Amino acid sequence: MTGVRKSFGSVAALDGADFYLRHGEIHALLGENGAGKSTLMNILYGLELRDGGEILIDGHPVDFQTPQDAVAEGLGMVHQHFKLVPRLTVIENVILGGKDSRAFRLPDLETSARKLEDLAETYGLPISARDRVSNLSVGEQQRVEILRSLYFGARTLILDEPTASLTPLEVRQLLAKLRDLARAGTSIIIITHHLDEVMESADRVTVLRSGSNVGTLEASETSQLELARMMVGRDVGILTQSDAIRDQKVDQSVKDKNRPVLRLSGVDASSRVAETGKETVARRGLFDLSLEIHPGEIVAVAGVEGNGQAELEDVLSGFLEVDQGEFAIDGKDCTTCSPEDLLNLGAGYIPSDRYRRGLIGGLSVAVNVSYDRIGEAPVGNRFWVDSKELMRLGDRAVEEYSIAVRGAGELAGTLSGGNAQRVVIARALAKELRLLVAAQPTRGLDVGAIEFIWGLLEEQRSRGLATLLITTDLDEVMALSDRVYVMYRGRLSEVPRDRESIGLAMGGANKQGEESL
Amino acid sequence: MDWSDVFGGAALIPLLNAAIRLAIPTGLAAVGESFCQKSGVLNLSVEGMMLTGALTAYLGAYYSGSLWVGVPAGIGGGLLVGVLMALFTLKFKTEQVINGIALVLLAQAATSFTFEELFGDLTLTGRFEPMKNWEIPGLSSIPGVGTVLFNQSPLVYLSVVLIFAIWYLLNRTMFGLAVKAVGDRPAAADAAGISVTRTRWVAILVSGAMSGLGGVVLVVGQLGMFMQNVTAGRGWVAIALVIFGRWKPLRVMAGALLFGLTDAIQLRIQAASGGIESNVPFELFQAMPYLVTIAVVVFASARARRSGEPEALGRPFFKGAQIEA
């Protein structure tokens, strides 16, 4: 791909970008959100039409109008948000993209299913063709997407942010599989902004910034620091700052060890009233949790996803009642608090699912910044909304939190991950807080946004806020936390703040190497 | 009145025969609508499709003197409304619910107006003899079942074939798979190379043709006449039956049979209780099938929603749009 250009309206998304892929290599396409990575790959895959530039495959020029043209040339793409129909089975989803079958016949499902399962076996990506997609985990769905591409003869795979919604274990498995695939001759492009994954899996890296190339490097000849610098075009604080420096920054003076802001003691909770078929099952999610957070400290809850973090988040945000045990904020009992009660007690909340729980997509950024205060001063009173004040607060948040929008009137649903999260945080921090529950606050965000959000959390700590940080990102734990707990199978244990101890506890072992539980 | 005239041994077989006959117009429309909704289009114009089909079927049969001409004419009438529905919904992407209701109102006014212009008034002019039943040789002489199933109008046989054809199309063909994908995750279908718009066009037209045929069966197969609002809300019942049948064509048809049975029973009760002479208002009886439909749907729908409703039902598809709820 040479000199590819593409504009949306007056904004140039790609301004003469180049990209060269070799046979059988894993090539990482790196860049911040909005750098043009996805646009470039969408053009390659025929999802978007380019304004200029040319694309050559094995030396001959191609001009894909639709993804089907690209598939016919041996390309396959796995989107960040999977393009699967949950109600259909795996094999039905696969043959949906088939061109060979006539409309009034269903192709032989048996044969297709066998072909798919053979393929799955060959590549070591086990899958059951008859399962409904809605019953599969995120990792399995991704496997289906990859297999679907291979089923249609893809020799080049494009993966858009393939690790964004995977657990750390699944990430490692995926990257290993991708290396196997590359060794077997498939060329692979990974769109990402995770530096460690680049270093772990890629042969070469192309960095994009503002729609054009910064450079292409051999992964073995570069470092995370160099790549980060290329991505953002300046030095990045978070990567250079060592733990030691960070430790000194903790301001001991604001800590008040005697009075915890948040106190959990012996908390049990059952949750996820899951519908399996026709019966509803209540599953115990949290067992005998105890935890205290004092003013001016960030306490991290680390762990592999699915070990009870969602339940803990729900308890602390008032979505889930505790079965037994003590849950208090500033000494006030919260065991039966609603989300509203918790807000009134000064407990802010940054939800892990920022789009579903953190934003109302169809309303403006301004409303989203203030909607928990509508009906009270200064946004208005019980009967009226002061729209001017609302807009003023919105504009102020846009400026203060560097939200990339034309104005606070823009709809929140159109925001990218980083900007959406800034809106969520702006709302949470607009109130006078005692406690902040931050669940996966930087998941899926680019380096610039992560740096910004970490900065905010540190600033709040120095002002004496107590923060509970639920995260699966070990770097985040190390960068921010004063104390660390690890969650494993619904239980919480405090561990020393070093990577080895945390890693061991995440896997269910304690320092002596014994299997706990 | 004598209840044995309604449910008695001698009355039972004609009753079931009538139930099937009365179920067909609603059933055709309902099955067509379930197919349409599976593609994600909430087509509320069914009543308008049926009514327009009924008028064009009547006109075709009346002016040509051949009942069979009424069949394509009626299907054409349903398709006409279908084309309008598809244009508004898919081309101009206006709100589906509004499109449907507007088209029903339009069809009600337009059919009455046309009929009045052509025949001077809305009274019972231009009656003709409805289509005669075909007794299927052999099968119709099976005691009981033979008379119920195999002594029906040829239009009933045609309808049954079509209803099974829709089931087959939805569940056993590539096109059916595409329809389901488009109705659940249009963006995923689009990425797989399926044209969301084209698929939905076909689905709406299928609904138009089936509803139009429903109008044909009513006018050419049963009444032999047209009158203002002759479909009497059967199109709305059809939509309710789709929910009752959880978007599964054969379950939907079963619901239509229940509707037909209630209709047949109320006709019997009317007759047995003295017909016109009765002091019970006949409107009360006529309301029965609708009341039963409401009751059944209320009980069935709470569960039905979760188990079959297409996820993108009623939502327009914009290619390449970033936000999906």
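Trainee: What makes β19 and β20 of chain A count as joined strands, and in which sense do they run?

Mentor: Strands β19 (residues 483-488) and β20 (residues 491-495) of chain A run antiparallel and are joined by five bridges; two strands pair if DSSP finds at least two bridges between them, so the pairing holds. The elements themselves are DSSP runs, numbered from the N terminus, with helices (H or I) needing at least four residues and strands (E) at least two. This is a predicted model, in which local features need pLDDT of at least 70 and side-chain atom pairs count only at pLDDT 80 or more, while totals for chains, interfaces and linings use all residues. Residues are numbered from 1 along each chain as its sequence is written, and chains are lettered from A and ligands numbered from 1 in the order in which they are written.

Trainee: Which residues stand opposite each other there, and which residue of the hairpin takes a positive phi?

Mentor: Met487(A) stands opposite Leu492(A), and Val484(A) has Val495(A) as its bridge partner. Two residues lie between the strands of this hairpin, where Arg489(A) takes a positive phi near 50°.

Trainee: Why is β19(A) described as largely enclosed by the rest of the structure?

Mentor: A residue is buried if 20 or more other C-beta atoms, placed from the backbone, lie within 10 Å of its own, exposed if 12 or fewer do, and partly exposed in between. Five of the six residues of β19(A) are buried, so the strand is largely enclosed. Strand β19(A) also pairs in the parallel sense with β13 (residues 298-302) of chain A over four bridges, with Val301(A) opposite Tyr485(A).

Trainee: How do you know that β6 and β10 of chain A are edge strands?

Mentor: Six strands of chain A form an open sheet of mixed pairing in the order β6-β7-β8-β3-β9-β10, and β6 (75-78) and β10 (212-218) each pair on one side only, so they are the edges. Within this sheet, β7 (residues 156-160) and β8 (residues 187-192) of chain A run parallel and are joined by five bridges, with Ile158(A) opposite Ile189(A).

Trainee: What is the angle between α5 and β6 of chain A, and how is such an angle defined?

Mentor: Helix α5 (residues 138-151) of chain A lies across β6 and β7 of chain A and runs at about 170° to β6(A). Axes are lines fitted to C-alpha atoms, for helices over the stretch in contact (C-beta atoms, placed from the backbone, within 7 Å), and angles run from 0 to 180 degrees between N-to-C directions.

Technical notes: Contact = placed C-beta atoms within 7 Å.
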